[in-house]
Amino acid sequence: MTSAPPATPVPAGVRATARIRATADGRGGTALPLLTGEGPLALRRTRGEGAEAGVMLVGAMSAPLGGDHLAVEADVGAGARLALATAAATLALPGRGGEPARYDVRLTLEGDAALRWLPEPLVSVRGSDLRVRTRAELAPGARLLLREEQVLGRAGEPGGLLRSRFTVTRAGRPLLDQELACGPGAPAGWDGPAGLAGHRSLGQLIVVDPAFEKAPAAAAVLGEFAAVTPLAGPAVLVTALTPDALRLRELLDAARRTYGW
C-alpha cells in the first residue's frame, strides 16, 4: 500500500490585489485601461480635477486581518494624471492564528506622469500585527504627492504591532528609504523621547516635483513635533507626530497647500 502524498498547506488569510493602469488619452485627459480589484479591494472611478482620472479604493470587507496579504499596484503612463484615494480608514485587525498581515503598495510613474495618493488613515488595532511596504518608482519629470497617516489604536485602546518600510526612487536613484516599527514587540525605545514621545498619530507627506530643482524647499519646523526636510533630489518630506488623527490631518493638509498641488 502506498501512502498518500502530504497535503499541500493552504495559506491562511486572504490574498487580493487591486491593479490600476492610467494612460494619457490623447485628448488632454487620462484613460483607465486597467481597473480591477479582488476580494476586499474594490475600485471605483470618480471625478478627477482637470486632466486627472480619479479612483477610489473601497473596502468590500474587513481587512487586513492577520494572515491576509493585500496589494495595490498603480502604473501611471507618460503624461497621465491620476488621483487615488480610499473611501475610509483601513483597520489592521488581529487574525485567529496570530500570523502577521501584509499590505503592499507599488506605484510606478513614467515621464511627465503625476499621481496623488491620499489614503485615509491606517489604524493599528490592539492585538494586530501588520507589515506595510510602500514603493514608488519615478521616471524623470514625474510628480508624486503621497500622504501616509498611521494611528496606534482606536479611541481608548493601545495599538498593535506596526512595521512599515517606505522607499522612493527617481530615475533609478533613491530619494527616500525609511523604516518604522512601533507597538508591542517593536525594538525598545519606540515610544521614548527619541521615538514617538508618547504620541499615537504619526504621518508624513512627500512631494516629488521637478519644480524643486529650480526652487528647492527650505528646511523648517512646523510646531514642536513636525518638520520639513528637503530631500537629495527635487523633493520634500514633511513628518509629524500628534496626539490624535484630527490634528495630524490638519497639519498635513496645511503642508500640502504649501508644497503640493
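This is a predicted model: local features need pLDDT of at least 70, side-chain atom pairs count only at pLDDT 80 or more; totals for chains, interfaces and linings use all residues.

Biologist: Let us turn to strands. How do strands E1 and E2 run, parallel or antiparallel?

Modeller: Two strands are taken as a pair if at least two bridges are found between them. Strand E1 (residues 15-24) and strand E2 (residues 30-36) are joined by five bridges and run antiparallel. As an example of residues that face each other, threonine 23 stands opposite alanine 31 in E2.

Biologist: What do E1 and E2 form, and which glycine in the turn has a positive phi?

Modeller: The two strands form a hairpin with five residues between them. The glycine in the turn is glycine 26, whose positive phi is about 80°.

Biologist: In which sense do E3 and E4 pair?

Modeller: Strand E3 (residues 41-46) pairs with E4 in the antiparallel sense, over six bridges. Arginine 45 stands opposite valine 55 in E4. This hairpin has six residues between the strands, and glycine 50 takes a positive phi near 60° there.

Biologist: In which sense does E4 pair with E6?

Modeller: E4 and strand E6 (residues 81-86) pair in the parallel sense over five bridges. Within this pairing, leucine 57 has threonine 86 in E6 as its bridge partner.

Biologist: How many bridges join E8 to E11, and how many join E11 to E13?

Modeller: E8 and E11 pair over nine bridges in the parallel sense, and tyrosine 103 stands opposite valine 132 in E11. E11 and E13 also run parallel, joined by ten bridges. There, arginine 135 stands opposite threonine 167 in E13.

Biologist: How are side chains arranged along a strand in general?

Modeller: In a regular strand the side chains alternate between the two faces of the sheet.

Biologist: Now for a single residue. Where is threonine 108 placed, and in which strand?

Modeller: Threonine 108 lies in strand E8, which covers residues 101-109.

Biologist: With which side chains does the side chain of threonine 108 make polar contacts?

Modeller: A polar contact requires a pair of N or O atoms within 3.5 Å. The side chain of threonine 108 makes one with the side chain of aspartate 75, at 3.3 Å. Another is made with the side chain of arginine 106, at 2.5 Å. If residues up to four places away in sequence are not counted, threonine 108 touches Ala74, Asp75, Val76 and Glu137.

Biologist: How many cavities of 30 Å³ or more does the structure hold?

Modeller: A cavity is a space where a probe fits but cannot get out. The structure holds one of 30 Å³ or more. The volume of the largest cavity is about 220 Å³. It is lined by 14 residues, and the closest to its centre are Tyr103, Trp117, Pro119, Leu122 and Val132.

Biologist: What volume does the largest pocket have?

Modeller: A pocket, by contrast with a cavity, is an open set of points. The largest pocket has a volume of about 360 Å³. Of its 20 lining residues, the closest to the centre are Gln178, Leu180, Leu202, Gly203 and Thr239. Among the elements that give two or more residues to this lining are strand E14 (173-182) and strand E15 (201-208). The lining has ten nonpolar, seven polar and three charged residues.

Biologist: Which classes of residue line the second largest pocket?

Modeller: Its lining has twelve nonpolar, four polar and no charged residues. The volume of the second largest pocket is about 260 Å³. E4 gives the most to this lining, with three residues.

Conventions
Residues are numbered from 1 along each chain as its sequence is written. Side-chain values use heavy atoms; hydrogens and water are left out. Helices (H or I, at least four residues) and strands (E, at least two) are DSSP runs, numbered from the N terminus. A polar contact is a pair of N or O atoms within 3.5 Å; within protein, one must be able to donate a hydrogen and the other to accept it, and residues adjacent in sequence count only if both atoms are side-chain atoms. Contact means heavy atoms within 4.5 Å. On a 1 Å grid over the protein atoms alone, a cavity is a set of points where a 1.4 Å probe fits but cannot get out, and a pocket is an open set with protein on both sides within 12 Å along at least five of seven lines; lining residues have an atom within 4 Å of a point. Grid points are joined across faces, edges and corners, and a volume is the space filled by probe spheres set on the points. Ala, Val, Leu, Ile, Met, Phe, Trp, Tyr, Cys and Pro count as nonpolar, Asp, Glu, Lys and Arg as charged, and the others, Gly among them, as polar.
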